[in-house]
Amino acid sequence: MESAQDIPFPVRYTTRISTDTSLNSSAVYKVLKDGSDKFDVTLYRTFIDGNGEERKFSFGTDADHVAEFHELTALKDTSYKGMYYSASKLPGELIDKLQQIGVQVTSTELPWYIIGSQMWANGCSYARFTDRFFSAL
């Protein structure tokens, strides 16, 4: 499970894009770019560049200037498969377009409110929580 600290973008939704077939990444990126422009939705993703560095990319308007790259040429050697993030839910029409070209799309709202309860679900008792809390002070 991802926590708020793992995601370097101002977002509320996560979208997993994958497929069982081999699609041309540039075709998928074009649909994402066109859709983000048409519906005014900013999609973010990270990718690894040729030097092994993690980079940030955005499709659409990056009002918070979080992403380093905005041009599709930055993704030319990167697979489209992976996690994408957005502040708003992806429009159904964009999801439909992606599915029409053979992409599997799974999108959900990030559950910020259960991050704390994850600690309890993973077996952390009240005593351990209290110990961790006060030792951090």
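Here is a walk through this structure, from its overall layout down to a few single residues.

What you're looking at is a predicted model, in which local features need pLDDT of at least 70 and side-chain atom pairs count only at pLDDT 80 or more, while totals for chains, interfaces and linings use all residues. Residues are numbered from 1 along each chain as its sequence is written, and side-chain values use heavy atoms, with hydrogens and water left out.

Let's begin with the parts list. The protein chain has four helices and five strands; these are DSSP runs numbered from the N terminus, with at least four residues of H or I for a helix and at least two of E for a strand. Starting at the N terminus, the elements come in the order β-α-β-β-β-α-β-α-α. Of the 137 residues in the chain, 31% are buried, where buried means under 20% relative accessible area, exposed means over 50% and partly exposed is in between, using a 1.4 Å probe and protein chains only.

You can follow the pairing strand by strand. Strand β2 (residues 43-48) joins β3 through six antiparallel bridges, and there threonine 46 faces lysine 56 of β3. Strands β2 and β4 share two bridges, with leucine 43 partnered by serine 86 of β4. That serine turns up again on the β1 side: β1 and β4 pair over five bridges, and tyrosine 13 stands opposite serine 86.

Next, look at helix α1 (residues 25-39).

What holds the nonpolar residues together as a group? In soluble globular proteins, nonpolar side chains tend to be buried together. A nonpolar core is a set of buried Ala, Val, Leu, Ile, Met, Phe, Trp, Tyr and Cys residues joined through side-chain atoms within 4.5 Å. The largest one here has 19 residues, and Leu32, Phe59, Tyr84 and Leu98 touch the most other members. At least two residues each come from α1, β2, β3 and α2 (92-100), and α1 gives the largest share, four residues. Leucine 98 shows how this works: beyond its neighbours within four places in sequence, its contacts are Ile17, Val28, Val31, Leu32, Val103 and Val105. A separate core of five residues includes Val11, Tyr44, Tyr85 and Leu110.

The structure has four aromatic pairs, meaning rings of Phe, Tyr and Trp (its six-membered ring) with centres within 6.5 Å; planes under 30 degrees apart are stacked, over 60 edge-to-face, and the rest tilted. Phenylalanine 59 and tyrosine 84 make a tilted pair, because their ring centres are 6.2 Å apart and their planes are at 45 degrees. Since phenylalanine 59 is in β3 and tyrosine 84 in β4, the pair ties together parts 25 residues apart in sequence.

Arginine 45 lies in β2 and is buried, with a relative accessible area of 5%. Its side chain makes a polar contact with that of tyrosine 29 at 3.0 Å; such a contact is a pair of N or O atoms within 3.5 Å, where within protein one must be able to donate a hydrogen and the other to accept it, and residues adjacent in sequence count only if both atoms are side-chain atoms. Threonine 19, in the loop between β1 and α1, is buried at 9% relative accessibility, and its side chain reaches the backbone oxygen of glycine 102 at 2.7 Å. Aspartate 40, in the loop between α1 and β2, is exposed at 62% and has a positive phi of about 55 degrees although it is not a glycine.

Conventions: Two strands pair if DSSP finds at least two bridges between them. Contact means heavy atoms within 4.5 Å.
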